[in-house]
Amino acid sequence: MPELPEVETYRRFLDELLLHQTIVQLDVFDAHVLAEPEAALRQAVVGATVTGTRRLGKNLFLELSTGRMLVLHFGMTGDVGAYRDEPDRPRFTRVAFELADGLRVAFIDPRKFGRLRLADSVADFQRQKKLGPDALDLTLAELQTALRGRKTLLKPLLLDQRLAAGLGNWIVDEVLFQARLHPERVAGSLTPAEVAQLHAAIGLVLTTAIEAEARYRQFPTSFLIHAREWDAYPVPGSEAYKHCPTDQQAIVKKYVGGRATYYCPVCQKEQ
Ligand SMILES: [Zn+2]
């Protein structure tokens, strides 16, 4: 599932292709991914120049010279691509934006849970969707305020997009592992030092993931993500990924708030 790091990678790709370019044509191959009437989308996009790109959590915004924003959400399997000639169109391209020089930018989505919609501004969209600040912009003070006095478990609270936009399931597990905090700690019980560790870990995990362009296999071996067995472990034939990189304890998998959660029972004490 495209999480914040993937969407940031998509944003950089689109920024390179689309900034200051004019969209001359919109091709809709499957209207299922449109959250707006096709005519409204066409009117907002065709003839408009892309004046900027933004990201808030897992939402990507194209600022249009018409004053509107095109919002891309990638659902379960969304991706972006580019092609020139029809035979090269990526499989599962649902919508394509054609530029004046003939390049086409594709919104690709095999499972079609992604959506394209319009918004008046990022702030407007944020209010409507009740999203907190982007997880990369979340300040220590904001995090302190969000946790203070809360009886909720730490993991479900961090997943709540009103606290910060873009903290998804594996990201929260990795953040808690790096901060050495148990996912079932009561949020309000964290000491100021622990909140500071948590804040630093959010920055570390997101920055690492963005720098690796969301290629999980390239993450440092000190990351818990390898225990999720999504991909071959960096050291082939090794079973090490099932164990904590710090103390070689077996990683525990448990459901917390209904979500699969991985943690080290030694590094992340329940208290
Ligand atoms: Zn450990």
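Two residues are in contact if their C-beta atoms, placed from the backbone, lie within 7 Å. The exercises below use a predicted model.

**Exercise 1.** Find which residues of α4 meet which residues of α7, and sort the contact by class.

Solution. 
- Step 1. Locate the helices: α4 spans residues 140–147, and α7 spans 192–211.
- Step 2. List the α4 side: L140, L143, Q144 and L147.
- Step 3. List the α7 side: V195, A196, L198 and H199.
- Step 4. Sort by class: the contact of α4 with α7 has six nonpolar residues, two polar ones and no charged ones.
- Step 5. Recall a rule on spacing: an α-helix has 3.6 residues a turn, so residues three or four places apart point the same way.

**Exercise 2.** Describe how the axes of α4 and α7 are arranged.

Solution. 
- Step 1. Take the distance: the two axes come within 10 Å.
- Step 2. Take the angle: the axes of α4 and α7 cross at roughly 125°.
- Step 3. Classify: α4 is therefore oblique to α7.

**Exercise 3.** Decide how far helix α6 is covered, and by what.

Solution. 
- Step 1. Apply the cut-off: a residue is buried if 20 or more other C-beta atoms lie within 10 Å of its own.
- Step 2. Name some of them: W170, D173, E174 and F177 are among the buried residues.
- Step 3. Identify the cover, which includes α1 (4–18), α5 (154–159), α7 and β10 (259–263).
- Step 4. Look past the helix end: R180 follows α6 and has a positive phi, near 60°.

How values were computed
Residues numbered from 1 in each chain as written. Predicted model: local features only at pLDDT ≥ 70, side-chain atom pairs only at ≥ 80, totals over all residues. Buried ≥ 20, exposed ≤ 12 C-beta atoms within 10 Å, placed from the backbone. Helix = DSSP H or I, 4+ residues; strand = E, 2+ residues; numbered from the N terminus. Axes fitted to C-alpha atoms, helices over the stretch in contact; angles between N-to-C directions. Parallel < 35°, antiparallel > 145°, perpendicular 65-115°, else oblique. Nonpolar A, V, L, I, M, F, W, Y, C, P; charged D, E, K, R; others polar.
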